Amino acid sequence: MKPWFFVALFILAGAVITFAPLPVTAAAPARRTFRVEANQFAYAPAVLEVNPGDTVTIELVSTDVVHGMFLDGYGLSVTADPGQTTRMTFTANRSGSFRFRCNVTCGALHPFMVGKLQVGKNRWLWRAIGLTVLATLAILILPPNFPKAETG
Amino acid sequence: MKRTELLSRILVITGILIVLAAPIAARAIGAQGVIEVHGRIAESGGWTPSTIRVQAGMPIHLRLTSDDVMHGFAIGQSDTPAVDVLPGQVTEITLTFDKPGTYAYYCTRWCGPNHWRMRGIIEVTGEEPVSPQVTTPPLYLMLNLDIDAPHPASVTLDRIPDAQYGEQFSALLPAAYLTPDYYRSHSPAQIYLDLRADPALVSLAGSDIWDLVAYIWLSNTTPEGLAEGQRLFAQNCAACHGETGGGNGVFSANITALAGKTPANFSDPAITLGASPALLQGKILRGGMGTGMPSWGPLFTDQQTWDLVGFLYTFQFK
């Protein structure tokens, strides 16, 4: 009887980990402005973190040659010449992580000029870690010959 | 030989000749006026060909492409809008030059540290000999200005001179101060001294005189001219002189390292108020200064240089 109790417990815990709303409630939408410097062949900062619903303004400043920024998922793009800061403003209404990349051929390593926009926390990472820990516990706690032990 | 056989032989030979001659003729006719222009960053050679020769009045068809990064193409002193030149793509543009002469073409997109060196020449030859053009030399040469000499103005401003505010004293102002000739040949600091010494204006305080100086500047500009000056500044000057004219553009560190001088800081009253429009125009036209300042003479029209000069004073006046 005892192993079945554990199995039920693990299944319940697994369901909780997978579906429970995380205590980090969505922060109130805010206005965020990022100044992103583009220099061959990188963005600084290369990772932008925002909360879902934020109004995000990205100021693209090029410090060497003409660069661009195309934001995957949102389909937005801007081009910045040195001395001409350009801005793009959008509402981060799609959560997840999105790549942005240079869309102006700027030199030899242009294809590798990428950055990341992270909208919201990466919850599935934490849920996956929880499920992995749970599975490890299950292997350790349940008898090795389960479920045969129950019939025997 | 039968007559019919002779005829058929002639027919076959004519056919073969036509087939052979067609592509040669097509190339000779089709290639007329079509020029393929390749852009590369200045360090790897700039434009190929760097000199384009064309007849006046004959349309030329340019096929522009880039061998490395994004470039732009525009003709100096012309209204033809700039086009982008991208690697892997061909931008086609048709130009007709009516007047014989020498034109500059240049890159309009920052493609590398020596972007502004990427220039070429279009030589337009005409049927009639080029009439010796009666061009007036730029004002700084007529005035014998030494545009390399330092021109500090020892001025103290209580606040930003306001042209709108200065307008209320304009009734007192003798008309001679409002002429373009006077405005262009005197720095704001000189105008201030002239106005201060003028008996018609003794009743005014120092800050009111400065407002009048701003008024003289504004009456010699137009809103469209200032907007054009702002556009030219953002596109061509802001990378070194800064978007707000502070001499701190994104390349200023490179320039200071190479030349030992920072780009001119237009937000400094000592620099901007000590420079007359003629002096600023001279610097824009000639460039140099040992700082890598490009020469804009072949690229800007006379009006564009004055628009740009007028805009430079917006860093001091409002």
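In the model above, B:Arg53 stands opposite B:Glu123 in strand β9 of chain B. The structure is a predicted model, in which local features need pLDDT of at least 70, side-chain atom pairs count only at pLDDT 80 or more, and totals for chains, interfaces and linings use all residues. Residues are numbered from 1 along each chain as its sequence is written, chains are lettered from A and ligands numbered from 1 in the order in which they are written, and side-chain values use heavy atoms, with hydrogens and water left out.

**Strands of chain B**

Helices (H or I, at least four residues) and strands (E, at least two) are DSSP runs, numbered from the N terminus. Two strands pair if DSSP finds at least two bridges between them. β9(B) covers residues 119-125. It is joined to β3(B) by five bridges, and the two run parallel. Strand β8(B), residues 101-106, is joined to β9(B) by six bridges, and this pair runs antiparallel. There, B:Tyr103 stands opposite B:Ile122.

β9(B) has two faces. B:Gly120, B:Ile122 and B:Val124 form the covered one. B:Arg119, B:Ile121, B:Glu123 and B:Thr125 form the uncovered one. In a regular strand the side chains alternate between the two faces of the sheet.

Strand β7(B), residues 91-96, also has a covered and an uncovered face. The covered face holds B:Thr91, B:Ile93 and B:Leu95. The uncovered face holds B:Glu92, B:Thr94 and B:Thr96. Six bridges connect β7(B) with β4(B), residues 59-66, in an antiparallel pair. B:Thr96 of β7(B) is the bridge partner of B:Pro59.

**A helix with two sides**

Which residues of helix α5(B) are buried? Helix α5(B), residues 188-197, buries B:Pro188, B:Ala189, B:Ile191, B:Tyr192 and B:Leu195. Seen down the helix axis, these buried residues fall within an arc of 160 degrees, so they line one face of α5(B). The arc is that of the directions from the helix axis to the C-beta atoms. Buried means under 20% relative accessible area, exposed over 50%, and partly exposed in between (1.4 Å probe, protein chains only). The face turned away from the buried side carries the exposed residues B:Leu193 and B:Ala197. Contact means heavy atoms within 4.5 Å.

**The sheet of chain A**

Chain A has an open sheet of five strands in the order β3-β9-β8-β5-β6, with mixed pairing. β3(A), residues 47-50, and β6(A), residues 76-80, stand at the edges with a single partner strand each, so one side of each is left without a neighbour in the sheet. Neighbouring strands are turned by 20 degrees against each other on average, direction ignored. Axes here are lines fitted to C-alpha atoms, for helices over the stretch in contact, and angles run from 0 to 180 degrees between N-to-C directions.

β5(A), residues 67-71, is joined to β6(A) by five bridges, and these strands run antiparallel. A:Met69 has A:Val78 of β6(A) as its bridge partner.

**Domains and confidence**

Domain bounds come from an automatic or database domain assignment. Chain A is divided into domain 1 (2-23 + 126-151) and domain 2 (31-120). Their C-alpha centres are separated by 42 Å. Chain B has domain 1 (34-125) and domain 2 (139-315). Here the C-alpha centres lie 32 Å apart. Eight residues of domain 1 of chain B are in contact with 12 residues of domain 2 of chain B.

pLDDT is the predictor's confidence in each residue, from 0 to 100. Chain A averages 86, and 92% of its residues score at least 70. Among the elements of chain A, β5(A) has the highest mean pLDDT (94) and helix α3(A), residues 148-151, the lowest (57).

**Backbone details in loops**

| Cis peptide bond | Omega | Loop |
|---|---|---|
| A:Gln40 to A:Phe41 | near -5 degrees | A:Phe41 between β1 (31-39) and β2 (42-44) of chain A |
| B:Thr48 to B:Pro49 | near -5 degrees | B:Pro49 between β2 (47-48) and β3 (51-55) of chain B |

B:Gln77 has a positive phi of about 55 degrees although it is not a glycine. B:Gln77 lies in the loop between β5 (71-75) and β6 (83-85) of chain B. Its relative accessibility of 45% makes B:Gln77 partly exposed. B:Asn144, also not a glycine, has a positive phi of about 60 degrees. Its loop runs between α2 (139-142) and α3 (163-166) of chain B. B:Asn144 is exposed, at a relative accessible area of 70%.
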